[in-house]
Amino acid sequence: MTPTEQRAEGAGPFTTRLTWQPPGGGTAVWESRPARRRGVITAGPPGAPAGGKVGVDARTRDRLRRLNTIAATAFVIGGALFAAGAGVAQFGSGDATTCASIYFAGGLFFNTGGYVSLLQVVNAPRHEPGGEGRLFTRSWRWWSYEPVRVDWLSALVLFAGTLVFAVDLLDSFLQGLSVQQVNRLIWAPDVIGCLLFLISGHLAFVEICHRAYPCLRRRDLGWWIVAVNQIGSVLFMISAVAAYTRPATGSLVNADIANWGTLLGAGCFSLGGVLQLYERP
């Protein structure tokens with residue numbers, strides 16, 4: 001491999017791992033998730049495979065840690081509140097307004113976690129293909145447009161899903177709705193939000209597996225975070241389907257499945273947040 005040669009891996013238009021020989025010799029390997037979450041790139045001296053970790057400077061490391069802590073904590077609290085709301089609904093310990101209030105509070109934390117996750121991508125350390133095998137940091141940004149980055153697309157879709165959920169949660173406070181209005185204003189945004197969560201999770205698998213379909217990496221903390229969150233997304237979707245209101249009867253398809261799906265799915269997101277607290281520089 002000459003200094004100008006590089007091997008790109010990923011799926012479709014997305015590059016999630018890049019291997020090249022720096023001008024000074026040796027081998028450098030950049031991977032999307034470790035670079036943006038841990039602030040590291042892998043490098044090895046001439047004649048040896050890449051094996052050592054080259055980290056970012058202390059200022060960037062502190063920034064990555066703060067963003068990770070905020071996002072992870074928001075998902076832990078948001079998931080816990082969603083689980084509490086589902087528990088209240090399932091065991092009948094509160095009225096509809098109480099449940100809606102708990103869900104809405106949880107949704108605010110999900111909104112926060114979604115946006116901060118996007119900020120993690122926007123402000124992630126960058127690499128220079130063919131360069132010395134180090135990461136550099138740009139100035140702080142609140143937004144970017146980078147559709148060719150799978151991590152950016154995954155985070156954007158996740159954030160969009162949390163915003164759609166916000167519409168669903170706000171509409172749940174409305175009173176006197178017909179069955180058709182309930183399905184249009186509450187159920188439909190719920191399903192769309194769940195679908196966006198599933199798409200985001202699949203894109204996260206693309207990033208971590210460097211291919212278009214999921215892989216199994218039991219020793220990789222990042223993989224476990226993605227897998228647990230995707231299980232939560234599946235459970236949310238099952239819950240949403242079961243929460244459809246039948247026009248003929250005015251009752252849910254299955255209230256128990258709807259509540260338990262939300263409770264268990266929310267538990268997965270809380271667990272994913274706890275695990276994410278350990279995926280830091």
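How much space lies in the largest pocket? The answer is about 920 Å³, a pocket being an open set of points on a 1 Å grid over the protein atoms alone, with protein on both sides within 12 Å along at least five of seven lines, and lining residues having an atom within 4 Å of a point. This is a predicted model, in which local features need pLDDT of at least 70 and side-chain atom pairs count only at pLDDT 80 or more, while totals for chains, interfaces and linings use all residues. Residues are numbered from 1 along each chain as its sequence is written, and side-chain values use heavy atoms, without hydrogens and water.

Next, select E207 and R36, which form a salt bridge with their closest N and O atoms 2.8 Å apart; the term stands for a side-chain nitrogen of Lys or Arg within 4 Å of a carboxyl oxygen of Asp or Glu. E207 lies in helix α5 and R36 in helix α1, so the pair ties together parts that are 171 residues apart in sequence. Both E207 and R36 are buried, that is, under 20% relative accessible area with a 1.4 Å probe and protein chains only.

Move on to R149 and D151, whose side chains meet in a salt bridge at 2.7 Å, N to O. Salt bridges with shared partners join R36, R126, R141, E146, R149, D151 and E207 into one network.

Finally, select R37 and E279, where another salt bridge has an N to O distance of 2.6 Å and where both residues are buried.

How values were computed: On a 1 Å grid over the protein atoms alone, a cavity is a set of points where a 1.4 Å probe fits but cannot get out, and a pocket is an open set with protein on both sides within 12 Å along at least five of seven lines; lining residues have an atom within 4 Å of a point. Grid points are joined across faces, edges and corners, and a volume is the space filled by probe spheres set on the points. Helices (H or I, at least four residues) and strands (E, at least two) are DSSP runs, numbered from the N terminus. Buried means under 20% relative accessible area, exposed over 50%, partly exposed in between (1.4 Å probe, protein chains only).
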